[in-house]
Amino acid sequence: MEFKHFLDELKNLQDNSTSNYDAIKSAGLPVILVGAGEMAKWVTEDLKAHDIQVAGYAVDAKYFKAGQIFLGLPIYNVEEISKQADKYTFMLGMEDEMQGGSRAFEILTNKKFHCYPLPINLNGSSEKIDFEYVLQNCDKFKETFELLADELSRKTFINYLKLKVTGDRSYIDEIYFPSPYFNELTADVKNRVFVDCGAYNGDTIEKFISWNGGKYEKIFAIEPNDTNFAQLEKFVQNKNYSNVVLFNCGVGDKKGTFTFTAEIERTRFSEFGEIKLNVETLDDILANESVSFIKMEIQGSELNALQGATEILKNQKPYLAVVMFHKADALITIPQFINSVQKGYNLYLRKQTRIRDNGLLLYAIPKKKF
């Protein structure tokens, strides 16, 4: 696959980001969202902004209880309501594929429902990439494209940009790669030291420990949001995990106190933010520690955090799994920064959810010596 052919193809693609809304209206069927949580709220608000009213919500049988209400509307059993596929228009209203989103997607598509993907760019969680942006930065995008280590990474790169420019989620189907963070790319790093930047409530820590069969050397969990951190502390205590060190701070390229904005369990840097948080560098807080694997999902601060881990990257070359979808320039800046600091990595790109604007991860895997 050549990058120049991609640019020629992209010129001929049209932005269809509003076509799903028009199709839903034209169908004239009641809209049911699969999911009844935070993402479903955002989808409901987005649909309302496009003059589309939700008629109800559907959840997996194990979560269903008769008479439940969500946002003033009924909740249905997704297995039961799927028997009336021709009577409704369905949309996914959940983000976390590992907690049912993928299964719900399979139910809907296999039943050949009138089914549409999540609207693009919900709650401003990622920045827009249009054709003009790609064209203006084509040399920089090409540089990243040429750094990628395998054909799936290059295909993922191309399809993700097509997805962003057109809004057409069909580009995901060819590149969907489940199992974020812990998979065949990172298999060689088992039973070692894990650093979780953006530890949230401990969900990724639990997956790491399960993946390792309970065997590991040490875990460092970093979470700046006070509410999330309290949940993280309680989770680690209740699980009685050993050798887990918690940090209630952000990570960046320099130490200091900075302003952030808080958005429903998410905390992101903003010069206009309403809260102040302590920020440290990984080089400082992990000085004299052995680091094997760093995961970063920190709401757009990934590049700054990597810049604050320069010595670790140079001297220890840990495995990296870095979220790439918050910033429009992430596909440019993050791979190229990593390569500028440490050329001993193979870089892989994977799309690990079917949600249009998230789930894009960069893996930096140390090159093996022969």
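1. First, the ground rules. This is a predicted model, in which local features need pLDDT of at least 70, side-chain atom pairs count only at pLDDT 80 or more, and totals for chains, interfaces and linings use all residues. Residues are numbered from 1 along each chain as its sequence is written, and side-chain values use heavy atoms, with hydrogens and water left out.

2. How many salt bridges does the structure hold? There are 11, where a salt bridge is a side-chain nitrogen of Lys or Arg within 4 Å of a carboxyl oxygen of Asp or Glu.

3. Asp 196 and Lys 295 form one of them, with the closest N and O atoms 2.7 Å apart. Asp 196 belongs to strand β7 (residues 193-197) and Lys 295 to strand β14 (residues 293-296), so this pair ties together parts 99 residues apart in sequence. Strands here are DSSP runs (E, at least two residues) and helices likewise (H or I, at least four), numbered from the N terminus. Asp 196 and Lys 295 are both buried (under 20% relative accessible area; exposed is over 50%, and partly exposed is in between, with a 1.4 Å probe and protein chains only).

4. Lys 142 and Glu 146 make a salt bridge at 2.5 Å, N to O. Both sit in helix α7 (residues 138-147), 4 residues apart, about one turn of the helix. Lys 142 is partly exposed at 34%, while Glu 146 is exposed at 54%.

5. Glu 80 pairs with Lys 83, the closest N and O atoms being 3.3 Å apart. Glu 80 is partly exposed at 43% relative accessibility, and Lys 83 is exposed at 62%.
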